[in-house]
Amino acid sequence: MVRFAWRFVGSQGRAEELAQEIFLKLYRSAKSYRPSAKFKTFLFRVATNHCLNEVRRGDYQRMEPSKEEQHDTSEAVGQRPDDALEGKQLEAAVGKALHGMSERERAAFSMCRFEGMAYREIADALDASEAAVKSLIHRATLQVVKQVEVLRAGLSATGSEA
Amino acid sequence: MSEHHPIEDELTAYIDGELSELDLQRVKAAIAADPKLAALEALLRSTITAVEALPSPQPSQALRRAVLNGLDAPASFRERLQQWFRPSRLMPAVGLAAVAALVAVIAQQGRQAGPLHEAEEEQLYVAQNLDVLEDLELAGLESAEDLEVIAQLDSLEATP
């Protein structure tokens with residue numbers, strides 16, 4: 001849940017607060033859960049709504065992780081400095097792409113790429129058709145590809161200048 | 001990515017293994033026949049692989065403790081109010097008020113017609129609407145201060 005929220009707000013501290021709020025909300029509204037809905041779907045519907053409401057408040061214009069968090073992230077990417085650099089830049093490109101996505105694209109993309117959810121599950125969580133989810137994920141993935149290409153082009157230009 | 005191939009929109013679902021067997025074969029054939037499509041598929045695939053391998057933040061030790069502490073703490077009054085004012089709860093409450101009015105009218109008529117088992121009637125009424133009555137109690141509708149908050153709920157919501 002922290003991971004999912006982090007993709008919306010770009011800050012681990014706030015993502016943890018959101019995760020906490022989501023768990024408490026679930027606990028307090030446990031009566032409204034019907035076993036007819038898969039719990040994971042129910043959870044992600046609550047989480048998506050909660051995270052989107054948070055983002056709509058407008059406090060999160062910047063999706064890229066902080067410098068400190070970039071450092072933490074890069075350490076986990078690989079042992080060699082080159083690997084770490086690549087992971088850090090890719091993370092920044094993904095952050096930029098996420099920022100440019102519509103709310104539903106962002107939610108669908110995060111559930112698919114980072115939570116490993118199937119299109120059917122995402123469709124249920126977003127109350128959308130599978131065809132709509134397919135389109136959302138494709139468009140979102142193209143935005144990431146575009147940002148990665150921009151990143152690569154920038155690196156090539158820097159490399160040729162040097 | 002100059003000309004849009006109709007199969008392009010299927011590529012991400014193809015890589016994600018989300019196509020039907022028929023569509024899968026159709027996309028496979030298109031990729032084999034079109035180098036540009038094959039290049040885009042390779043680009044999408046490598047990007048997806050890299051993105052999915054990105055590390056994610058791990059929850060801190062404090063989070064579990066904070067959640068457990070939160071479970072023990074009672075919900076704030078504002079949270080309880082927000083919960084109570086959801087349409088799924090508000091509508092039954094409005095219905096309850098209508099039923100209460102109806103019961104009062106019937107009881108009044110009954111008093112005129114003959115002896116009434118008022119306590120029994122009231123008890124059945126409470127039993128039938130227990131959930132809603134619990135919600136009314138939770139929302140603190142007996143307090144003048146709470147009623148004032150309810151009246152100002154919209155402006156309170158707008159306050160950061």
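Me: Is the crossing of α2(A) and α4(B) right-handed or left-handed?

Reply: In this predicted model, the crossing of α2(A) and α4(B) is right-handed, a term for a near helix turned clockwise from the far one, whereas a near helix turned anticlockwise by less than a right angle gives a left-handed crossing. The two partners are helix α2 (residues 12-28) of chain A and helix α4 (residues 61-72) of chain B, whose axes come within 10 Å and cross at roughly 35°. Axes here are lines fitted to C-alpha atoms, for helices over the stretch in contact, with angles running from 0 to 180 degrees between N-to-C directions. Residues are numbered from 1 along each chain as its sequence is written, and chains are lettered from A, ligands being numbered from 1, in the order in which they are written. Since the model is predicted, local features need pLDDT of at least 70 and side-chain atom pairs count only at pLDDT 80 or more, while totals for chains, interfaces and linings use all residues.

Me: Which residues of α2(A) and α4(B) meet, and how do they divide by class?

Reply: On the side of α2(A) the residues are A:Glu16, A:Ala19, A:Gln20, A:Phe23, A:Leu24 and A:Tyr27, and they meet B:Leu63, B:Ala66, B:Val67, B:Gly70 and B:Leu71 of α4(B); two residues are in contact if their C-beta atoms, placed from the backbone, lie within 7 Å. By class, this contact has eight nonpolar, two polar and one charged residues, where Ala, Val, Leu, Ile, Met, Phe, Trp, Tyr, Cys and Pro count as nonpolar, Asp, Glu, Lys and Arg as charged, and the others, Gly among them, as polar.

Me: How many residues does each chain give to the contact between them, and which element of chain A gives the most?

Reply: Chain A gives 30 residues and chain B gives 23 residues. On the side of chain A that touches chain B, α1 (2-9), α2, α4 (67-77), α5 (81-100) and α8 (130-161) each give two or more residues, and α2(A) gives the most, with nine. That side of chain A divides into 17 nonpolar, seven polar and six charged residues.

Me: What makes A:Leu90 buried or exposed?

Reply: A:Leu90, which is found in helix α5 of chain A, has 21 other C-beta atoms within 10 Å and is therefore buried, the cut-offs being 20 or more other C-beta atoms within 10 Å for buried, 12 or fewer for exposed, and the range in between for partly exposed, with C-beta atoms placed from the backbone. Not counting residues up to four places away in sequence, A:Leu90 touches A:Val148, B:Ala50 and B:Leu54. The C-alpha atom of A:Leu90 is separated by 8.0 Å from that of A:Leu151, which lies 61 residues apart along the chain.

Me: Why are α6(A) and α7(A) described as they are by their angle?

Reply: Helix α6 (residues 103-113) and helix α7 (residues 119-126) of chain A pack at an angle of about 140°, with their axes 10 Å apart. They are therefore oblique to each other, as angles under 35 degrees count as roughly parallel, over 145 as roughly antiparallel, 65 to 115 as roughly perpendicular and the rest as oblique. The crossing of α6(A) and α7(A) is right-handed, and the contact joins A:Arg104, A:Ala107, A:Ala108, A:Met111 and A:Cys112 of α6(A) to A:Ile122, A:Ala125 and A:Leu126 of α7(A). Its residues comprise seven nonpolar, no polar and one charged.

Me: How do you know to what extent α7(A) is enclosed, and what is the phi of A:Asp127, which follows it?

Reply: Six of the eight residues of α7(A) are buried, so this helix is largely enclosed by the rest of the structure; the buried ones are A:Tyr119, A:Ile122, A:Ala123, A:Asp124, A:Ala125 and A:Leu126. A:Asp127, in the loop between α7 and α8 of chain A, counts as exposed because it has 10 C-beta neighbours inside 10 Å. The phi of A:Asp127 is near 55°, a positive value in a residue other than glycine. Most residues other than glycine have a negative phi.

Me: Where in chain B is the pLDDT below 50?

Reply: The mean pLDDT of chain B is 71, with 47% of its residues reaching 70 or more, on a scale of the predictor's confidence in each residue from 0 to 100. Among the elements of chain B, helix α8 (residues 130-138) has the lowest mean pLDDT (45) and helix α1 (residues 11-15) the highest (96). The pLDDT is below 50 over residues 126-141 of chain B, a stretch with 18 contacts in the model beyond near neighbours in sequence. Where pLDDT is low, the predicted coordinates should not be read in detail.

Terms used
Helices (H or I, at least four residues) and strands (E, at least two) are DSSP runs, numbered from the N terminus.
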